[in-house]
Amino acid sequence: MSEREIPTYCRICEPLCGLIATVEDGRLVRLRADKSHPLSKGNACPKGIAFSEIQNDPDRVLYPLRRTGNGFERVTWDEALDDIGARLRGIIGAHGRESLGWYFGNPSSFSYSHMLWLVGFQLAAGLRHVYSAGSQDINNRFVASELLYGSLTSVPVPDLDRTDFLLMLGANPVVSHGSAMSVPRIREKLAAITKRGGRVLVVDPRRTETAQLFEHVGVRPDGDAWLLASLLQVIFAEGLEDADAIRRQSAGAHELRAAVARFTPEATATVTGLEPDAVRALARDLARAESAAVYGRTGTCLGRHATLVAFLIDVLALVTGNLDKPGGSVFGRELVAVSKLNARLGLIKYGKNRSRIGDFPDVLGTFPAAIMAKEITTPGPGRLRALFTSAGNPVSSVPNGRELATAMTQLDLHVSIDLYVNETNRTADYILPATTFLERDDIPLPFTALAPTPYTQYTERVLEPYGEAREEWQIIDAIATRIGVQPFVIGPKAAGGLLSRLRGLPGGRAARPTPRLLVDLAVRTGPYGDLFGLRRGGLSLKMLRRHPHGLVLADSITTGVLREVVQHKDNRVHLAPAEILAELRDLTAAPADPSYPLRVIGMRELKSHNSWMHNSELLMRGDRTQAARINPKDAAVVGISDGSRCRVTSAHGSIEVTAHLTEDMTEGAVAIPHGWGHNGGWRRANAAGGANPNELMSTDPGDVERLAGMSHLNGVQIRLDPVPLS
Ligand SMILES: Nc1nc2c(c(=O)[nH]1)N[C@H]1C(S)=C(S)[C@@H](COP(=O)(O)OP(=O)(O)OC[C@H]3O[C@@H](n4cnc5c(=O)[nH]c(N)nc54)[C@H](O)[C@@H]3O)O[C@H]1N2
Ligand SMILES: Nc1nc2c(c(=O)[nH]1)N[C@H]1C(S)=C(S)[C@@H](COP(=O)(O)OP(=O)(O)OC[C@H]3O[C@@H](n4cnc5c(=O)[nH]c(N)nc54)[C@H](O)[C@@H]3O)O[C@H]1N2
Ligand code: SF4
Ligand SMILES: [Mo]
């Protein structure tokens, strides 16, 4: 049979680069970058190309697996689903539905059908124990938006094409390719800012690949709250604020101003490690720039004050007159009007429920993954007894993976939906094989609003599923049916309205709509939709199929939309909610502990993707291994040399890693990539060695960030010791 070339897009990370898949006899031959994609224009990174090795990996799970004494055996789908259903009914009968739980990992955000059916199942079954990668990633950003705008899912993005000044904290887009912003060819976009005379400042304890191309501000780990408070203090004290913007857009500036008054650059210098004069100059330059955008990512999300930091990032944009303004921090238009719909229906919220352990508020219906282990092991009503994990590897990605791995052996049932036997599901009762992104249709729902140049793309599946792999939504649906639950996108009240519309669709099976039918409906009635013919040139899946390389929806984000974004009754951005004033009041640096004089932070590498791409030969070429980046002065103090093994110890755990000495690290900070130290069913990855830095992290509820339940993964105090050669 002849080869076919099929356009699609990459769903590993957020630029969603266009790819061309070459397919022969139902098998993937290769992937290459799509030159016809309107934005990625022939650009793709090594991970995107190497995904062919994941697709064709002999270690992939292609059939349902059931646990035996010491391994797994292949079973049929019916055997697996019927037994899971029966066991679930038993658990529900004895302990109620509140004993069921779900953890969904990062790749789920790249599958609309997975997310839709998960939310539908959660609402229909009344699941309480829901956890996600979000509490190790971005939930603080959502809570900051809830406090500021009254809208959890409204997240501003830097207007890269028009800005004169980008202040970027805790992000390394040259390696990560950008997050909470969807920007193909991001390196070029950043370079264009300085080419047109603008500035890019990177606030990071490591002189990262991005910082090396631009200006670097070497903040101490977890010092961002102090730095941001100081920038605001200087702006207010020197009268640099945009009084007009503050008056038009916000409420509470007076209280906020008072709350930051004590954070002079002199007062915060010991925490930030920055010269007061440099902080003052930064505040002035930011305030006086023609336009400026302030952006923060995971480096600012995993510290002890993550929600405060995300909050202050937007405040800085607002008080300098840069919120919702060209070249500033701007709000993209959603492909599907999730924020508005949610504001009206109140389906997923903040703090609607509280967790049994630690009394944490839920964020979009999820609790902090850091408490999952204790929810399993702590007796009493509402104990977590049956856990599903889909597209996730929490034993690798959440704090104290050892505790979680041990706790999971106490579950009555653990079912995983994944591509691999990973560190988490290796002890599961069942592993159910999921399709890869090439084996399912898709449209990247959450990402259009995060793109400074809005675009989208619909793709049909490029390959029929290998083996017996199934799409997550089908699996969720089959499980739900067996416990008498009908997953649906939204709750029964709203479903009535939706259903009545669906009945008008040709062949629409109103009772059990497919994800594809629902997403088409949502896109067609959404902000860019064709309104069933009422809006010429509007979107529908049919229309998008005529643009298989993707479609740019606008040249830039429309500004002047703040009044539509803000859902607070007074229509203003709230600068001084009680939660934030309390955070600022209580903000004190953790006392120095001479037993743990250094601080560990995370970092990402071009050829790793969290925990799941270390089985690819292409990416692992040259015998890549994990290494901790250490400043030579810190290494000298304890006698660690470049390339030697060293022990990293915190109050919570200890790991051994290879030392890589580099002046790129600011003194006192040690960077260790996560997602290593494998013992799953991926042979190449297991052989790569390495350790899991999350063994150094705490799951004590007192160490989990209060407002959004963020895990504390950056800035944890550690000690280094040399490992003697044995
Ligand atoms: N120390 C430290 N820890 C961190 C971070 C950090 O910076 N430092 N970062 C955090 C962040 S931002 C994140 S997002 C998390 C990630 O945390 P997780 O999402 O829990 O873990 P991943 O490593 O992304 O594992 C994803 C799993 O999904 C599977 N998979 C891949 N594609 C699919 C698919 O299409 N369907 C299904 N069903 N399965 C699929 C993979 O085989 C893998 O087992 O890690 C967090 N942990
Ligand atoms: N190649 C590759 N790309 C990826 C991923 C991957 O694993 N590999 N993962 C994807 C995922 S899930 C996500 S969420 C995104 C994340 O996207 P980014 O957030 O851009 O990714 P990181 O490279 O982790 O950048 C975080 C930076 O924060 C810095 N940092 C650590 N602690 C602090 C601190 O206290 N303050 C400040 N200011 N900075 C600090 C780190 O040194 C690091 O440079 O990347 C995505 N893209
Ligand atoms: S940057 Fe790489 S991994 Fe991310 S979407 Fe593009 S090709 Fe895929
Ligand atoms: Mo992430």
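**Exercise 1.** What radius of gyration would a compact globule with 726 residues have, and what does the chain have?

*Solution.* Keep in mind that we're working with a predicted model. Step one: for 726 residues, a compact globule would come out near 27 Å. Step two: the chain has 25 Å, which agrees with that expectation. Step three: look at the box around the C-alpha atoms, which is roughly 75 × 65 × 55 Å along the principal axes.

**Exercise 2.** Work out what the chain is built from and how much of it is buried.

*Solution.* Start with the elements: the chain has 27 helices and 28 strands. Next, burial: 61% of the 726 residues are buried. Finally, take the contacts with a separation of 6 or more: 75% of them join residues 24 or more positions apart.

**Exercise 3.** Leu16 and Asn571 both need a look at phi. Find where each one sits, and decide whether each is buried or partly exposed.

*Solution.* Leu16 isn't a glycine, yet its phi is positive, near 55°. Leu16 lies in the loop between β1 (4-9) and β2 (18-24). Its relative accessibility is 4%, and the cut-off for buried is under 20%, so Leu16 counts as buried. Asn571 also has a positive phi, about 65°, and belongs to the loop between α23 (562-565) and β22 (573-574). At 25% relative accessible area, Asn571 is partly exposed.

**Exercise 4.** Which residues surround ligand 3, and how do they split by class?

*Solution.* First, list the neighbours: Cys10, Ile12, Cys13, Pro15, Leu16, Cys17, Ala44, Cys45, Lys47, Gly48 and His177. Then sort them: eight are nonpolar, two polar and one charged.

Definitions and conventions:
Residues numbered from 1 in each chain as written. Chains lettered and ligands numbered in written order. Predicted model: local features only at pLDDT ≥ 70, side-chain atom pairs only at ≥ 80, totals over all residues. Heavy atoms only, no water. Helix = DSSP H or I, 4+ residues; strand = E, 2+ residues; numbered from the N terminus. Buried < 20%, exposed > 50% of the residue type's maximum accessible area, 1.4 Å probe, protein only. Near = heavy atom within 4 Å. Nonpolar A, V, L, I, M, F, W, Y, C, P; charged D, E, K, R; others polar. Rg over C-alpha atoms; globule rule 2.2 N^0.38 Å. Contact = heavy atoms within 4.5 Å.
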